[in-house]
Amino acid sequence: MIGRSLRALRLATLLILALPTSAAAIVSHQIDDFEDESVMGWVEGAVSPDMPTNEEGGPAGPDDNYIENVSTGVFGPGANLVMFNTSQWAGDYTAANVAGISMDLANFGDVPLHMRIAVRRSSTWYASNDAFELPADGMWHFAAFGLTNADMTGVQGGTPLSDVLLDVGEIRLLSAELGPNFRGDTVEARQGTDNIRALLVGDTDCDGDVDFDDIDAFVLGLTSPPAYEAQFGLRPSLKGDTDRDGDQDFDDIPGLVDILTGNIIGVPEPAAIWLLCWGLGWLTIAARIR
Ligand SMILES: [Ca+2]
Ligand SMILES: [Ca+2]
Ligand SMILES: [Ca+2]
Ligand SMILES: [Ca+2]
């Protein structure tokens, strides 16, 4: 039944692609790869003696630039492992369709680190519920952080997370062992970061755009989350959670249709929407019967 529904979905896709459409409006996902030899706006307070620096030796080899942040672990400026960005990572995450943030992380120090992100709007802060445990092995590790209420906890202020994401003023990357936190632990550390990427909602095949190629990966995430994670290295909810409730399930199908018809077909074609709904509807029915 699933096989037949997938064929129906692909047929709908082909029919849509055959329709006359306006130019594609592709939303690319933002990435900080540090190849311009700068720190791309990732800083600490101006009095810190150990600001992040651009270094060579990232995940792709000796010529790959990354940023390194050192913390002293001794009381005073620069004691805590934390850095922030108020430039290209500020703004309206919802309008930009950002579902989460992924990055490559390395720990060049002597103790394990507990990496989280935190976002601020005005004086309200939210931080990652779960830390990414970064061993002190000097190796590069891929980490991804979600931005929903299932992923983050409010640690200061009372603005709802959905409102914070409409106007983020600051984002932080930090190590906090004991729970969600936006200040970072006082710890002696040397930590590397590269390829900080804004995960695009709907880009389920992780190639940087949202188009009809994402339907197969969405279906994989729906029918077999472990297989999806094995193939793409991410929980499916970090890409396919179009209604942003922290999971990817059948309720996310209408949102995917919205993104596909809005992003790919500049002026939505009623016929195209009908065809896509027809294909996805078949899939829904098939899965529920099964
Ligand atoms: Ca790099
Ligand atoms: Ca520092
Ligand atoms: Ca894609
Ligand atoms: Ca969802």
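Biologist: What makes Ala118 count as buried?

Modeller: This is a predicted model. In it, Ala118 has 25 C-beta neighbours inside 10 Å. The cut-off for buried is 20 or more, so Ala118 counts as buried.

Biologist: Where in the fold does Ala118 lie?

Modeller: In strand S6, residues 113–121.

Biologist: Which residues does Ala118 touch, leaving out those up to four places away in sequence?

Modeller: Trp125, Tyr126, Ala127, Arg172, Leu174 and Phe182. Contact requires C-beta atoms within 7 Å. Pro180 is 62 residues away from Ala118 in sequence, yet their C-alpha atoms are 8.3 Å apart.

Biologist: Which residues have the most contacts inside the largest nonpolar core?

Modeller: That core has 61 residues. Ala118 is among those with the most contacts, along with Ala99, Ile101, Ile117, Val119, Tyr126 and Leu199.

Biologist: Why does this core lie between domain 1 and domain 2?

Modeller: Both domains give residues to it, so it lies between them. Domain 1 is 2–27 + 203–289, and domain 2 is 31–200.

Biologist: What does Val119 contact beyond four places in sequence?

Modeller: Tyr126, Val164, Val168 and Ile171.

Biologist: How do you know that S1 and S12 pair?

Modeller: Pairing takes at least two bridges. S1 (residues 31–32) and S12 (residues 188–200) have 2 bridges, antiparallel, so they pair. Ile31 stands opposite Arg197.

Biologist: How many bridges join S3 to S12, and how many join S5 to S12?

Modeller: S3 pairs with S12 over 6 bridges, antiparallel, with Glu68 partnering Gly192.

Technical notes
Residues numbered from 1 in each chain as written. Chains lettered and ligands numbered in written order. Predicted model: local features only at pLDDT ≥ 70, side-chain atom pairs only at ≥ 80, totals over all residues. Core = buried A, V, L, I, M, F, W, Y, C linked by C-beta atoms within 7 Å. Buried ≥ 20, exposed ≤ 12 C-beta atoms within 10 Å, placed from the backbone. Domains from an automatic or database assignment. Contact = placed C-beta atoms within 7 Å. Helix = DSSP H or I, 4+ residues; strand = E, 2+ residues; numbered from the N terminus.
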